[in-house]
Amino acid sequence: MDDRAVPGREPRARIPTQDPACAPERPVREGGYAPIRGYAAIGDGRTVALVARDGAIDWLCVPVLDSPSVFGALLDAERGGCFGLCPRVSFRVGRRYLPGTNVLETTFVTDGGVVRVVDVMTLGGPGLTPFRELVRRVEGVSGRVLLGWRVEPRFGYAGAATRVERRGGVVVATSGVGALAVQCWDTEAAVMDGGVIVGSVEVRAGESALVALGIAHQEPLVFSSREQVEGRIDATTRAWAGWSGACVYDGRWRDAVVRSALVLKLLVHAPSGAVAAAATTSLPEEIGGERNWDYRYCWVRDSAFTMGVLLGLGCAAEARAYFWWLMHASQLTHPRLRVLYSLSGGAHTPERVLRLHGYRASRPVRVGNAAGGQLQLDTYGELLQTAWLYAAGGNRLDRDIARQIAGMADLVCRIWRRPDAGIWEVRSRPEHFTQSKMMCWVALDRACDLAERRLIPAGGARRWRQEAELIRDFVETRCFSAAKQSYIRHAGSEELDASLLLGVLLGYGDPAAERWAGTIDAVRRELQDGLFVRRYTGEDGLGGSEGAFLTCSFWLAEALAVSGRVDEAVALMDRLVGLANDVGLYAEEIDPATGAFLGNFPQGLSHLALISAALAIADATAP
Amino acid sequence: MSVWGAIAGGFAGTVVLTTALRAGNQLNLTRMDLPFLLGTAFTSDRTHAKALGYLLHFLVGLAFALIYYAIFLAIGRSGWWLGAVFGLAHGLFAGTALVNTLLPLIHPRMGTRSTAAPTVALLEPPGFLMLNYGPQTPLVSIAAHIAYGALVGGFTSLAR
């Protein structure tokens, strides 16, 4: 049994489960911060909340994912604000998602009894519903358990003035055009304590209670009855289960793949079809370090994987919406691509620093992303591959989009000779990154193929073919190390980069070629440490270090599969799937020494890479 | 004032409005494409949507010209400048209520601020003043609507 528990941000429980990064003897929170590995995500297709194992919701941005936070204890345990809910006595914790859903169920076990908390962001429904709604249902399982709850709303990344008052019997917090109503049923009445709303609830076996946050933005609050809220919980559960039940993958890692698909669905911005890279900003790649970035944007870099995965899982509607959004968003900068776009399609993503403490003092806390203005040549390859996959999936490319694609191929012919920042967005001087050149080749190769099939204008096809050959010459003569028998990070270097694996995954050359076998071996030899694969060796213009990039491990598994080494791929995947947290989620990186998660969470690319590797292995083993 | 003048002005104004928006599109000033938005309310085939959208846009342009004409009649005045003022009001209305608020409500493929998972919209909502389609969108849209209004007002006052 564990620490005394107080709802909110105090350390209060130890993790008694199989979770290797949270051994029972370690405190759950350090300085008020829960391990990143300890979070689960719930959401509604517009925003995402992160729930810690001790029941505290430490992250929620409203009205949409890239809006300022109302609960930001993740980035400032003291001032950020949170929604705590847990037993008043010491407890142990078990968690799961309700099968096939993004509805979280946390079971608290105390000496006096067992209680479940179901956390859900409802999806709306018939009738008048709140603009956004976060509901926590407390269900008595056995014995009798007293729980306390505490809502500490801090709008505007804890920078906006918040007023808490009672209106018509309901406690309401307001800040500018944002408002939040706390409604509770079968609990003690909510009490205002300064800027905090607190309450308690005692449940016995078979009893239940509800605490619901109705959230409004630029409109009046909507108050609901308990029956309406209960109805929305059930409808939301059914909607998620219905959606995940349609995923067509039925292979060896179905649970992990379906969970990853559900995570991706959380990151899909339902109003537009854009897919955010992650749900958070500024979770550090190194505790106390400066590598803290805002990932609540849509990266063109991820587009080919996203399209491949959506089509591979049978999510045709999502694939189509994503492609329409991508082509629409990139229209403003056509034929050039920005590295990333905002979820509403904006090309302008200025970076600024917030005055927050940072996750375990990891500063700066950034919002916005300055990488948006970099030149990353690989994005053209990924976008052309996305269009190619979209067309291969039986979808039409209309005349405007076809012209857009052809225009990008023309642009690639003009700019591929330039050095760039590469897929990893280094802030050191631009280089001739091998992966960027390979993706330029992929761009022109796909454009030629689409032109041959008369899906895009063929006027520039001859030039595209010629330039593609020049790119191949450049890569094969200047980006290959005879000493390492491997492609190298950039022309003239002897460094390695795991992103080279994308070449074989996206069809640069023959996967069975010796050069690819040598490159895969070199990556394993020089970048792999056990299960973990570092991104690269060499300079990147940033201080400090980082953990192992989980995506690279999945890329390696997929590369092994497509190059015919299926047994090695399966063995690696079996172990990688075990690296997820207790509810099947991955962050961007992992600390090889401790297994602790690092970086933004949950990370779409990690889950995309997992699904993509699982699909590739399924293809490779299909009879 | 003549209703035929208003109709002629509506036609000419819609040609200019559509052309201005398309030019803004090609100059990378805005991702706004009114015919496309209108057409996709009826079909998800992008090519057909644009053709249908142009037709609908002209019909809507003529309908608005008749509304302008009714107001000109009611106040007993018309002219280029008055038409331009109407166009300014029309552009603001389009950006704040018509396209931003009303169109997403009736458009089956456009997202709204309330669209939630597992639904995915095919078209992103325009946002206030259609700013989601680019920061220059309000300027392009309002300028185009002013030109439209001026033409409707001018043609109406010229025709006897």
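A residue is called buried if 20 or more other C-beta atoms, placed from the backbone, lie within 10 Å of its own, exposed if 12 or fewer do, and partly exposed in between. By this count, 61% of the 623 residues of chain A are buried, and in chain B buried residues make up 50% of 160. The structure is a predicted model, in which local features need pLDDT of at least 70 and side-chain atom pairs count only at pLDDT 80 or more, while totals for chains, interfaces and linings use all residues. Residues are numbered from 1 along each chain as its sequence is written, with chains lettered from A and ligands numbered from 1 in the order in which they are written.

Chain A contains 14 helices and 26 strands; helices (H or I, at least four residues) and strands (E, at least two) are DSSP runs, numbered from the N terminus. The radius of gyration of chain A is 25 Å, close to the 25 Å that the globule rule gives for 623 residues, so chain A is as compact as a globular protein of that length. Here the radius is taken over C-alpha atoms, and the rule is 2.2 Å times the number of residues to the power 0.38. Along the principal axes, the C-alpha atoms of chain A fill a box of roughly 75 × 50 × 50 Å.

Chain B has five helices and zero strands. Its radius of gyration is 16 Å, close to the 15 Å that the globule rule gives for 160 residues, so chain B is as compact as a globular protein of that length. The C-alpha trace of chain B spans about 55 × 30 × 30 Å along its principal axes.

Two residues are in contact if their C-beta atoms, placed from the backbone, lie within 7 Å. Where the chains meet, 30 residues come from chain A and 22 from chain B. The chain B side comprises eight nonpolar, ten polar and four charged residues. In this grouping, Ala, Val, Leu, Ile, Met, Phe, Trp, Tyr, Cys and Pro count as nonpolar, Asp, Glu, Lys and Arg as charged, and the others, Gly among them, as polar.

Within chain A, helix α4 (residues 303-312) packs against helix α14 (residues 604-621) at an angle of about 55 degrees, with the axes 9 Å apart. Axes are lines fitted to C-alpha atoms, for helices over the stretch in contact, and angles run from 0 to 180 degrees between N-to-C directions. Angles under 35 degrees count as roughly parallel, over 145 as roughly antiparallel, 65 to 115 as roughly perpendicular and the rest as oblique. α4(A) and α14(A) are therefore oblique to each other. Among the residues that meet are Phe305(A) and Val309(A) of α4(A) and Leu608(A) and Leu615(A) of α14(A). The residues of this contact divide into six nonpolar, four polar and no charged.

α4(A) also meets helix α6 (residues 378-392) of chain A, where the axes come within 7 Å and cross at roughly 20 degrees. That makes α4(A) roughly parallel to α6(A). Contact residues include Met307(A) and Leu311(A) from α4(A), and Leu383(A) and Tyr390(A) from α6(A). By class, this contact has six nonpolar residues, four polar and one charged.

Elsewhere in chain A, the axes of helix α8 (residues 434-452) and helix α9 (residues 461-478) come within 9 Å and cross at roughly 155 degrees. α8(A) and α9(A) are therefore roughly antiparallel to each other.
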